[in-house]
Amino acid sequence: MPDKWVDWSKTVRSKDYRGSSSFATFMIIGPVCFFLGILFAEFPYDFPLLWTSDPITPAYLDELETHLKFVHQSPPLISRMLSIMIVTGFLGFFTKLFKASESNMLFDGASLVLYVIGVGVYIANIVKGLRFVSAGIWHAPDFPGNLPPSAQSPQAAADGRLILGREDSLKVMAASKTILALVLLGVLVLQAGQWYAERKDTEDFERAAHEEAEQKNAGTNTGTPPTAAEKRANKKKQ
């Protein structure tokens with residue numbers, strides 16, 4: 001990797017090293033935990049869709065659709081706060097990866113990749129699904145997703161496309177939330193791994209410094225000639 005991206009001389013003891021205890025790390029962990037909290041609050045709504053074999057009733061789908069409409073049609077302040085939290089996470093990554101060390105490239109680079117994947121899943125699946133819920137397209141009489149695959153448009157069937165109905169679309173959204181939660185947990189695991197690696201590196205450095213100091217002290221004690229007082233004390237003993 002080019003030296004302009006990585007400072008190979010930087011270690012965990014460097015003054016400009018931005019590791020697990022830096023403020024940039026909290027800029028990453030804060031938004032990640034914030035989004036995990038939102039996903040945890042959504043889990044009771046998604047549980048019947050993915051994690052149980054009980055039949056799904058139309059009444060439940062109506063309640064879930066009402067909930068998702070309420071979430072998507074919330075005041076603009078809510079969506080702005082979500083955008084601010086996403087940007088805060090990116091700022092934390094870019095701060096840690098500016099003149100990054102080898103540890104930053106390994107842990108923070110991998111965390112950034114997972115974070116980008118999570119944002120992509122959020123925009124492509126969750127936000128798009130919420131727009132469909134708010135538009136109420138599933139209740140239109142001519143919506144092709146309410147028809148069986150064999151009865152959908154011949155052009156869509158020829159292209160290999162399949163328009164999902166309400167239940168399948170809500171399952172895709174629930175699965176996307178699960179994927180997003182796993183990706184965000186991966187970011188936390190990598191950040192915890194960076195903290196552990198820094199701790200082990202510091203312990204190894206302190207152990208090596210202590211052993212080196214002991215060796216220097218032992219060499220100093222054996223190589224120093226006896227003083228005059230020590231010579232007189234030895235004569236008295238004889």
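Trainee: What should I know about the model before I start?

Mentor: This is a predicted model, in which local features need pLDDT of at least 70 and side-chain atom pairs count only at pLDDT 80 or more, while totals for chains, interfaces and linings use all residues. Residues are numbered from 1 along each chain as its sequence is written, and side-chain values use heavy atoms, with hydrogens and water left out.

Trainee: How many helices and strands are in the protein chain?

Mentor: The protein chain has seven helices and zero strands. Helices (H or I, at least four residues) and strands (E, at least two) are DSSP runs, numbered from the N terminus. From that end on, the elements run α-α-α-α-α-α-α.

Trainee: What share of the residues count as buried?

Mentor: Of the 238 residues in the protein chain, 31% are buried. Buried means under 20% relative accessible area, exposed over 50%, and partly exposed in between, with a 1.4 Å probe and protein chains only.

Trainee: Which residues touch the most other members in the largest nonpolar core?

Mentor: They are Val32, Leu49, Leu68, Tyr115, Leu170 and Leu184, in a core of 29 residues. A nonpolar core is a set of buried Ala, Val, Leu, Ile, Met, Phe, Trp, Tyr and Cys residues joined through side-chain atoms within 4.5 Å. Two or more residues of this core come from each of helix 1 (23-50), helix 2 (58-72), helix 3 (76-96), helix 4 (102-135) and helix 6 (166-223). Helix 6 gives the largest share, seven residues.

Trainee: What does leucine 184 touch?

Mentor: Leaving out residues up to four places away in sequence, leucine 184 touches Val32, Phe35, Leu36 and Leu39. Contact means heavy atoms within 4.5 Å.

Trainee: Changing topic, how do helix 2 and helix 4 cross?

Mentor: Their axes come within 9 Å and cross at roughly 110 degrees. Axes are lines fitted to C-alpha atoms, for helices over the stretch in contact, and angles run from 0 to 180 degrees between N-to-C directions. Helix 2 and helix 4 are therefore roughly perpendicular to each other. Angles under 35 degrees count as roughly parallel, over 145 as roughly antiparallel, 65 to 115 as roughly perpendicular and the rest as oblique.

Trainee: Which residues meet there?

Mentor: From helix 2, Glu65, Leu68, Lys69 and His72 meet Leu130, Arg131, Val133 and Ser134 of helix 4.

Trainee: Is histidine 67 buried or exposed?

Mentor: Histidine 67 is buried, at 16% relative accessible area. This residue of helix 2 touches Glu42 and Tyr45, not counting residues up to four places away in sequence.

Trainee: And glutamate 63, buried or exposed?

Mentor: Glutamate 63, also found in helix 2, is exposed, with a relative accessible area of 57%. Its C-alpha atom is 9.1 Å from that of tyrosine 45, which is 18 residues apart along the chain.

Trainee: Where is alanine 175?

Mentor: Alanine 175 belongs to helix 6 and counts as partly exposed, at 29% relative accessibility. Alanine 175 and leucine 50 are 125 residues apart in sequence, and 7.4 Å apart in space from C-alpha to C-alpha.
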